[in-house]
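Student: I have the structure open. Can we go through the labels and see what backs each one?

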Amino acid sequence: MNASRSLYQTLPAPGLLADLVLLLHGLIVAFVVVGLVLFIIGGMRGWFWVRNPWVRWVHLVTIGFVVIQTWLGRLCPLTVWEHELRLAAGQPVHDQGFIEYWVSALIFHDLPGWVFLFGYTVFGALVAATWWWLPPRQRSSSPKDSVR
């Protein structure tokens, strides 16, 4: 047994922790996917928050991490943590990444890894393109600009 596996087995309620990691993973995926859609819609409708630099940086870094991990052929750390916690809890695990597993389950079709590599890369490029089309803006500290 490796050291990391024994660490996971010492945690209280590893099955519950695995469920929480899965929930967090799902929320991050929703943030990335829904966020991009809202940035585009909000950019066309003039919503001020879609140009918030903090939100945009977190969004860009998140999808950038996913794209880099995919190009390196590595699973997302959240997927690894969930798997290890499920093993520690004696629960079954799936042998695919989070997105591959759920997309396959939703469309009842097992897709090869290159499809996801391509999809993540295109999605990441689209996120980067929104930075050009809808660049984030800093709030002005000038009192004259705050009167608008």
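Tutor: Start with Leu17. Leaving out residues up to four places away in sequence, Leu17 touches Leu11, Pro12 and Leu85. Leu17 sits in helix H2. Keep in mind that this is a predicted model.

Student: What makes Leu11, Pro12 and Leu85 count as touching Leu17?

Tutor: Contact requires heavy atoms within 4.5 Å. Leu11, Pro12 and Leu85 are the residues listed for Leu17 on that basis, with sequence neighbours up to four places away set aside.

Student: Why is Leu17 called partly exposed?

Tutor: Its relative accessible area is 29%. Buried means under 20%, and exposed means over 50%. The 29% of Leu17 falls in between, so partly exposed is the label.

Student: Why is Glu82 called buried?

Tutor: Its relative accessibility is 4%. The cut-off is under 20%, so Glu82 is buried. Glu82 is found in helix H4, residues 77-88. Beyond its neighbours within four places in sequence, Glu82 contacts Ala18, Val21, Leu22 and His94.

Student: Which other residues of H4 are buried?

Tutor: Besides Glu82, the buried residues of H4 are Leu78, Thr79, His83, Glu84, Leu85 and Arg86.

Student: What makes the phi of Ala13 worth a remark?

Tutor: Ala13 has a positive phi of about 50°, and it is not a glycine. Most residues other than glycine have a negative phi. Ala13 lies in the loop between helix H1 (3-10) and helix H2 (14-45).

Student: Is Ala13 buried, partly exposed or exposed, and what decides it?

Tutor: Its relative accessibility is 43%.

Student: Why is Gln69 called buried?

Tutor: Its relative accessible area is 10%. Buried means under 20%, so the label holds for Gln69. Gln69 lies in helix H3. With residues up to four places away left out, Gln69 touches Arg74, Leu75, Cys76 and Pro77.

Student: How far apart are Gln69 and Leu117?

Tutor: They are 48 residues apart in sequence. In space, C-alpha to C-alpha, they are 9.7 Å apart.

Student: What makes up the largest nonpolar core?

Tutor: There are 7 residues: Val32, Leu36, Ile63, Val67, Phe116, Tyr120 and Val127. Helices H2, H3 (53-71) and H6 (113-133) each give two or more residues to this core. The largest share, 3 residues, comes from H6. A second, separate core has 5 residues, including Tyr8, Ala18, Val21 and Leu85.

Student: How do you know that the buried residues of H6 line one face?

Tutor: The buried residues in H6 are Phe116, Tyr120, Gly124, Val127, Thr130 and Trp131. Seen down the helix axis, the buried residues of H6 fall within an arc of 110°, so they line one face. On the other side of H6, Trp114, Phe118 and Trp132 are exposed.

Student: Which residues does the record call a transmembrane region?

Tutor: The unreviewed UniProt entry gives that annotation to residues 20-42, 54-72 and 114-134. In the model, residues 20-42 are 100% helix, with end C-alpha atoms 30 Å apart. Residues 114-134 are 95% helix, and their end C-alpha atoms also lie 30 Å apart.

Terms used: Residues are numbered from 1 along each chain as its sequence is written. This is a predicted model: local features need pLDDT of at least 70, side-chain atom pairs count only at pLDDT 80 or more; totals for chains, interfaces and linings use all residues. Side-chain values use heavy atoms; hydrogens and water are left out. Helices (H or I, at least four residues) and strands (E, at least two) are DSSP runs, numbered from the N terminus. Buried means under 20% relative accessible area, exposed over 50%, partly exposed in between (1.4 Å probe, protein chains only). UniProt positions are given in the numbering used here, feature names are shortened, and annotations may be inferred rather than shown by experiment. A nonpolar core is a set of buried Ala, Val, Leu, Ile, Met, Phe, Trp, Tyr and Cys residues joined through side-chain atoms within 4.5 Å. The arc is that of the directions from the helix axis to the C-beta atoms.
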